[in-house]
Amino acid sequence: MPNEELQSCRDTRHSMSTGAGADVQRRLEMLVRDFRSSHPPMPVVVLHAEDAPARTAAAAVGGADAPPDPAEQVVQLVRELHTSHDVHGSRCAVAADARAEPTEVRRAAGLVRDLGNPRRWDGRRAQYRRYSFPRVRLVHAIENAVNALAEDQPDPAPYNYPYAAQSLLDQLARQRWRPGGSSRWSDRLRLFDMAHILPMSLVAVVGALIARADWLIALASGVGFLLFLVLLDNVLPGRAPLFLWLRRESRWFLTTTFLRAASPGQPTDFSLVRPVRSWKAIAARAHEVAEALKTGDDFQLQLYVLALCEDLRDNHRRWSWDLRGFKRPRPPVLFIPKATAENGGIELIKAVSDVRSRRSELDPLLIVAAVQPTDVARLQRSVVQDADTSAWTWYQEWGRNLRAGQSPSRALAELPWVIKVPIRPDRLTTRDDGRHDCVRATARPTAARILWSVHALILVTALLAGAVAFRAHELADEFCDSSPLSANRDTERVETKGVRGAECIGIATGDVRFSNWLKRGNEPAESAASPSWTLATLEKLIREENKKVLENHSGNYVTIVYAGPLSSASPENASPVKGIEELAGVYVAQRAINEEKGLTRLRVLIANGGPDMRHQIDMAESIARYARRDPTLVGVVGIGRNLTTSKDVAAILKKAELPVISGTNSSTQLPTTHANWFSLAAPDEWQAAQLGLIARQLRDPAKKTEYALVLARDTENTPDEYTKQQARFGGEMLVREKFTPLKSETYKVGPGGANLREPSQKFCRGDKVPSVIYFAGRAEDASALTSALRDEQGCADKNISVLTGDDVSKEDFTPDGDGSMPSNVTLYHSTLAQLAEKGDTDFYENGKDYLPVSGDKNAWAGPKADALANGQTALSHDATWTLYRAASDSGVVQSRAATWVNLRAQKIPKMATGEIDFTTAPPKSERRGHSIVLNQVRRGEDGKPEIHELCARPAGNTTPLTVGECAIPAP
């Protein structure tokens with residue numbers, strides 16, 4: 001065998017002083033080297049001096065000048081070997097020279113029992129953690145229980161099996177199945193032992209069950225449950241440990257073939273899922289072992305040896321959870337410098353050989369012993385080597401003999417695991433040159449020691465913690481609701497230019513609340529024409545209603561999504577009025593539907609498209625993803641702002657088979673290009689045509705030329721499609737009404753609002769001042785326009801009429817509102833809905849009952865209520881009812897496709913805006929019967945704006961308006 005892998009020791013202070021010591025050390029280090037990569041059989045090496053008796057007698061006669069006693073030199077050699085192995089990192093134990101037990105066998109058993117103390121195996125450079133000896137401790141605990149019972153009952157009583165067995169179990173319970181006299185906390189809490197794996201598994205189950213709770217609550221619950229089980233298992237006195245039948249020592253105790261069988265009729269097996277039967281098996285085995293231990297014969301010693309060998313084998317098990325076998329590259333070594341009858345060493349050597357001969361598993365224990373001259377004869381029946389045999393040769397010969405040496409028919413088979421090595425006296429003397437030899441196996445750490453260690457665990461844990469923290473930060477930046485490892489992907493955080501802080505975009509599921517993203521989301525708007533309820537209030541009411549539906553009507557409900565602008569673009573991040581008005585109408589419809597006695601209930605989810613629906617593509621994709629996992633979702637209401645991306649939104653929802661009913665989107669193209677798009681709002685082209693009735697009256701027949709102008713919001717860098725269509729159809733209307741059109745002007749909108757000074761200067765200071773302006777802009781820009789017409793030279797002294805579409809109906813022109821009207825300006829605008837009278841619909845009574853209205857409810861509940869004037873709430877209410885009716889046709893829950901088809905058959909009277917009739921709306925064609933109101937806004941005598949309704953049509957009425965109906969009253 002090549003020796004190049006053995007290294008010279010760096011520290012020669014602990015080297016071997018004799019040639020024989022160097023030879024034995026080399027052979028032992030070869031075993032250590034082989035043990036690093038395999039499991040070679042470990043012998044019991046017995047060293048003794050050749051011709052020891054004769055030389056010892058000569059030394060006794062010779063006096064002080066007599067040569068050293070070879071037997072003592074062998075003892076010193078073993079001690080040097082112990083020091084060398086201790087320095088090299090082996091876990092070593094040393095047997096005492098004498099013990100106090102009465103017999104040699106009991107001394108040997110006591111020696112093994114002491115070796116069950118992990119501190120006996122501590123070393124100066126021992127690698128990895130201490131050994132554990134649960135099997136030795138179990139045998140020791142039973143022996144202690146036997147002794148304790150013998151002291152309590154000194155007079156032997158007639159044998160009674162049930163009583164004796166129960167007495168033993170009671171005593172073991174009082175000892176907590178630990179050796180008597182041991183400290184309760186001396187044995188570390190073995191959280192990774194099988195007795196604790198199950199509690200930790202239960203903690204994992206509990207953690208999984210409460211995973212939907214806050215993760216801090218889940219963590220606290222898991223830790224508290226674990227601590228409870230650990231304390232229960234380690235503190236409470238007078239009872240057996242929890243899950244005793246699952247402990248590794250208990251499994252060994254029941255499965256080893258070494259122990260004699262239990263009493264007839266008693267179970268002898270164990271099962272993970274049969275604790276009662278397993279407990280009975282342990283009790284029966286413990287009683288049988290206790291009866292055998294009372295005799296104090298070889299069985300006691302061999303049982304201790306078997307437990308010790310199995311514990312050491314388990315301590316070096318490679319494929320364990322901690323890979324401890326890979327981390328302990330050196331085998332444990334027991335040194336017996338003086339194996340005599342006084343310390344039980346001879347009997348221990350015999351017992352080790354006998355036990356190993358009876359079991360098939362190899363254990364890692366290496367024993368090195370020195371015997372006295374008088375004890376050599378007791379080990380004659382072992383593998384004997386010649387004194388001149390080299391260390392390598394005697395191990396090889398022993399290995400060959402071991403194959404057959406355990407056969408009972410062989411004459412020299414009693415101690416096949418023992419190598420008796422005689423050493424010549426001349427090899428026991430110190431070298432003349434004073435050189436000390438020392439070799440050792442490689443000391444480099446194993447891969448498992450580096451990669452699967454506490455330091456590696458700390459590093460990996462730190463990296464994982466950093467990765468989790470980084471991932472949690474990423475998730476928190478990307479999604480509205482996230483935990484360290486997961487997120488609700490139905491909503492995303494979006495940063496919008498011009499909006500303070502992040503917005504939450506998508507469909508609200510789980511714990512997402514859009515009102516939490518508004519700094520003033522819980523404050524009602526200050527305007528008198530704005531609703532007194534808040535987004536937070538409506539979200540709470542809708543979630544409460546949804547909870548009732550899911551708890552009481554599971555499987556018999558349909559789900560719709562309201563999609564609207566639930567973020568604010570204002571610097572103060574205040575409540576989004578339009579979204580709140582529409583959402584209120586959806587909630588009133590939901591409550592009214594669920595309060596009916598019909599079988600099908602309505603569940604409402606909320607989706608946010610951002611300020612002015614800037615992120616409606618993201619919102620639509622979120623709704624479509626949600627629809628794939630929720631078959632109860634049958635359609636969408638809302639999406640009330642006409643943008644260039646609206647056609648993409650309609651296409652996304654069409655691909656998801658979701659119909660859309662929009663209450664306020666006045667696009668002319670969407671209903672005619674997308675079969676899944678239904679509008680309650682009058683289209684822009686038709687609105688402009690109705691405003692033509694007003695323009696016709698404003699044209700002075702006496703004047704040959706009367707100028708008109710289209711003033712439009714600049715949409716070059718915005719997705720605003722409404723303004724483009726209003727400008728186009730408004731200009732066409734003015735030409736039809738025989739006005740002379742001036743060049744259209746545009747105005748820009750900056751952080752401070754609309755800039756109308758520059759375009760107003762162009763047309764006010766020119767030669768051709770328009771008398772009619774068609775304003776293709778938004779409601780928030782109307783006040784800036786009227787102020788510019790009031791102040792700008794050329795327009796200030798001229799009466800100017802402004803025509804505009806339905807968006808301006810959102811402006812508050814009530815006496816207490818923010819809108820203003822100069823004396824030279826009259827504003828004419830359309831409104832999307834004429835509200836039904838109070839007795840013609842239940843809408844007002846339902847709103848009064850279900851909405852948290854402040855002040856006088858009766859003043860609110862009517863068609864003239866300021867909060868309902870613009871029709872946003874009423875239209876979303878009617879859209880919700882219409883979609884629900886299509887989804888619950890004949891009282892049966894319908895699929896999405898059926899809902900889509902059923903919509904074209906809906907004709908619903910007595911709605912908030914009149915009769916909703918989709919029967920006149922073939923696919924991709926414009927329907928008839930839209931509701932509309934034409935209003936005049938002018939300055940009153942008190943200087944405040946006055947609103948006059950010129951003419952109107954409720955929904956479902958297809959009779960065209962006339963100039964006579966819409967006559968402008970005299971000033």
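The following dialogue explains how to read several features of this predicted model.

User: Which disulfides should I look at, and how many are there by the rule used here?

Analyst: A disulfide is a covalent bond between the sulfur atoms of two cysteines. In this predicted model the count comes to three disulfides. One of them joins Cys480 to Cys504, with an S to S distance of 2.2 Å.

User: What is the handedness of the disulfide of Cys480 and Cys504?

Analyst: Handedness is read from the torsion about the S-S bond. For Cys480 and Cys504 this torsion is about 125°, so the disulfide is right-handed. Cys480 belongs to strand β9 (residues 479–482) and Cys504 to strand β11 (residues 502–507), so the pair ties together parts that are 24 residues apart in sequence.

User: Is Cys480 buried or exposed, and is Cys504 buried or exposed?

Analyst: The cut-off for buried is under 20% relative accessible area. Cys480 has 18% relative accessibility and therefore counts as buried. Cys504, at 1% relative accessibility, also counts as buried.

User: Where in the chain are Cys764 and Cys795, which form another disulfide?

Analyst: The sulfur atoms of Cys764 and Cys795 are 1.8 Å apart. The pair links distant parts of the chain, 31 residues apart: Cys764 is in helix α24 (residues 757–764), while Cys795 is in the loop between α25 (782–791) and β22 (800–804). The link of Cys764 and Cys795 is left-handed, with -100° about the S-S bond. Cys764 and Cys795 are both buried.

User: Which cysteine does a disulfide join to Cys951?

Analyst: The partner of Cys951 is Cys966, at an S to S distance of 1.9 Å. The torsion about their S-S bond is about 95°, so this disulfide is right-handed. Cys951 lies in strand β27 (residues 945–953) and Cys966 in the segment after β27, so the pair ties together parts that are 15 residues apart in sequence. Both Cys951 and Cys966 are buried.

User: What is the relative accessible area of Cys92, and what is the relative accessibility of Cys309?

Analyst: Cys92 has a relative accessible area of 4% and is therefore buried. Cys309 counts as buried because its relative accessibility is 1%.

User: How should I read the aromatic residues, and how many aromatic pairs are counted?

Analyst: A pair of aromatic rings is described by the distance of the centres and the angle of the planes. The count here comes to nine aromatic pairs. Trp121, Tyr131 and Phe133 form one aromatic cluster. Tyr131 also takes part in another arrangement: the charged end of Arg91 sits over its ring, 5.4 Å from the ring centre.

User: Which residues have the most contacts inside the largest nonpolar core?

Analyst: The residues with the most contacts inside this core of 66 residues are Trp121, Ile142, Leu303, Val305, Leu334 and Leu348. Helix α11 (residues 298–315) gives the most to the core, with 10 residues. Apart from this core lies another, of 59 residues, among them Val588, Leu680, Leu832 and Leu868.

User: Which residues are in contact with Leu303, leaving aside its neighbours within four places in sequence?

Analyst: With those neighbours left aside, Leu303 is in contact with Val139, Trp252, Phe258, Leu259, Val289 and Leu293.

User: How should I read the two faces of a strand, and which residues of β23 are on each side?

Analyst: In a regular strand the side chains alternate between the two faces of the sheet. In β23, Val825, Leu827, His829 and Thr831 are on one side, and Thr826, Tyr828 and Ser830 are on the other. Both faces are covered, as these residues are all buried.

User: Which strands pair with β23, and in what sense?

Analyst: β22 pairs with β23 in the parallel sense over five bridges. The bridge partner of Val802 in β23 is Leu827. Strand β26 (residues 932–939) runs antiparallel to β23, and five bridges join the two. Here Tyr828 has Gln936 of β26 as its bridge partner.

User: Where does His829 lie, and which residues are in contact with it beyond its neighbours within four places in sequence?

Analyst: His829 lies in strand β23 (residues 825–831). At 4% relative accessibility, His829 counts as buried. Beyond those sequence neighbours, His829 is in contact with Leu691, Thr804, Gly805, Val808, Ser809, Val933, Leu934, Asn935 and Val937.

How values were computed: Residues are numbered from 1 along each chain as its sequence is written. This is a predicted model: local features need pLDDT of at least 70, side-chain atom pairs count only at pLDDT 80 or more; totals for chains, interfaces and linings use all residues. Side-chain values use heavy atoms; hydrogens and water are left out. Rings of Phe, Tyr and Trp (its six-membered ring) pair if their centres lie within 6.5 Å; planes under 30 degrees apart count as stacked, over 60 as edge-to-face and the rest as tilted. A charge sits over a ring if NZ of Lys or CZ of Arg is within 6 Å of the ring centre and within 35 degrees of the ring normal. A nonpolar core is a set of buried Ala, Val, Leu, Ile, Met, Phe, Trp, Tyr and Cys residues joined through side-chain atoms within 4.5 Å. Buried means under 20% relative accessible area, exposed over 50%, partly exposed in between (1.4 Å probe, protein chains only). Helices (H or I, at least four residues) and strands (E, at least two) are DSSP runs, numbered from the N terminus. Contact means heavy atoms within 4.5 Å. A disulfide is a pair of cysteine sulfur atoms within 2.5 Å. Two strands pair if DSSP finds at least two bridges between them.
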